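Work through the exercises below with the coordinates open, and try each task before reading its solution.

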Amino acid sequence: MSGINYSEKIPNNVNLSEDRTLQRALEHWQPNYLQWWNDMGPDGSQNFDVYLRTAVSVDPQGWAQFGHVKMPDYRWGIFLNPGEQDRKIHFGDHIGEAAWQDVPGEHRANLRRIIVTQGDTEPASVEQQRHLGLTAPSQYDLRNLFQVNVEEGRHLWAMVYLLHKYFGKDGREEAEGLLERNSGNADNPRILQAFNEKTPDWLSFFMFTYFTDRDGKFQLCALAESAFDPLARTTKFMLTEEAHHMFVGESGVSRTIQRTVDVMNQLKTDDVAKLRAAGVIDLPTIQRYINFHFSVTIDLFGADQSSNAATFYSSGLKGRYEEGKRTDDHVLKGNSYKILSVEDGKLIEKEVPMLNALNEVLRDDYITDSKGGIDRWNRVIEKAGIQFKLTAPHKAFHRNIGSLSGAKISPDGRVVSESEWNAKVGEWLPTNEDRAYVASLMGRVVEPGKFANWIAPPVMGINRQPVDFDYVRFN
Ligand SMILES: [Fe+2]
Ligand SMILES: [Fe+2]
């Protein structure tokens, strides 16, 4: 079951050839997908040979095979983790019942919406990142960008498979829609706002893959608990690919910081103007990028109180992060949870029914997890002997969804006046000047083993290859 059949047009481990109708429908979608990749995928990259990993099995050991491939020839396909025998639903009102191998009629609309929303983010990020290859700081980084891109493309395949197999005509229409909406398109945008923003430079890309791909991890973890077994199995395999995306982000920011602190020590200065003159990204600017990406990403978890979240949980569609490791009753009726709101000019905690606060529960788990990387970035700064600490902004800072939406809160969690906000926002969020400066550093570096001035080389290469390996052959 875990072996992948590459002899077919669409590589898969779901015995696709046994379901002719489905196979034909997906083979019909495939050229549209490739057309989308050509139109909206990585700019000008069609003829490059890129050192990519391809899944050969869904086993945790050795699923990846590395080799140079042209991206349009990448073997996108359908890979599900093996099913667990007699899997039971382990949370919500149906707890203890057998997991669903098909979609129950009463949950069809909600499941479709969950799958479409997840599926929409995958091609969206490819679109957001499509010009970054033109300014890659090294071949190593260019290869990592392309690896992330092809895997987001495969994640789209994962969701499209579910839509085609389980949702009939509606599902096929939704699968077309996933190729029709485009990131930032005024008439037909992507569903979630963070996926309509630009990813204009490589610092944004690293922040995006660290923070926003981690939102992906938490959403996928919650769906990996689903009573709808095919969704649980497909998201489990997606998670193994997602880990590399977050590695790209964390190590990218870390190397950016490394280069900055090296230059700070060489020049014996923390003067922003001097550091910018030396062509590195000053730590306060990195902090502002963190503040931006962190706040925009935590909005993706949705409103802090949501009856949809309660329905999704109680009906078994979407669990909590690591549901199986928790020791409560997994039904949560009568439990409560603390959320934040602003009352009389103060930030207060409010107790609400936990079922309605499950978006907040997932957001809080995400926040704990995402702080880990910030701690590791601080170790790079500490090791260089520099007094500066990066922090995650307060959860209430710069929010646009839920009860904190539009509240004026400083990164350290104080409610501030409109005038204080306006006076300080340039210290808290990237300014146009910051963005223009970062953009000015973005030049293409393509010789193997060479790196742009603003970023340090990685400690090691991909798949134990040397750092100066030819990760991309431009032909
Ligand atoms: Fe993804
Ligand atoms: Fe990802």
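**Exercise 1: helix 9 and its ends**

Just after helix 9, G316 adopts a positive phi of about 90°; helices here are DSSP runs of H or I with at least four residues, and strands are E runs of at least two, numbered from the N terminus. This is a predicted model, in which local features need pLDDT of at least 70 and side-chain atom pairs count only at pLDDT 80 or more, while totals for chains, interfaces and linings use all residues. Residues are numbered from 1 along each chain as written, chains are lettered from A and ligands numbered from 1 in the order written, and side-chain values use heavy atoms, without hydrogens and water.

Task: find the N-terminal cap of helix 9, then its buried residues and their packing partners.

Solution. Start with S306, which caps the N-terminal end through a side-chain oxygen 3.3 Å from the backbone nitrogen of N308, within the 3.5 Å limit for a polar contact between N or O atoms, one able to donate a hydrogen and the other to accept it, where residues adjacent in sequence count only if both atoms are side-chain atoms. Next, A309, A310, F312, Y313 and S314 are buried, meaning under 20% relative accessible area with a 1.4 Å probe and protein chains only. Finally, the buried residues of helix 9 pack against helix 2 (108–128) and helix 10 (358–383), contact being heavy atoms within 4.5 Å.

**Exercise 2: the iron ions**

Task: identify the protein donors of the iron ion (ligand 1).

Solution. The donors are E122 (OE), E152 (OE) and H155 (ND1), at 2.0 to 2.2 Å. E152 also coordinates the iron ion (ligand 2), 3.5 Å from ligand 1.

Conventions: Donors are N, O and S atoms within 2.8 Å of the metal (3.2 Å for Na, K and Ca); water is not among the atoms, so sites may look incomplete. Buried means under 20% relative accessible area, exposed over 50%, partly exposed in between (1.4 Å probe, protein chains only).
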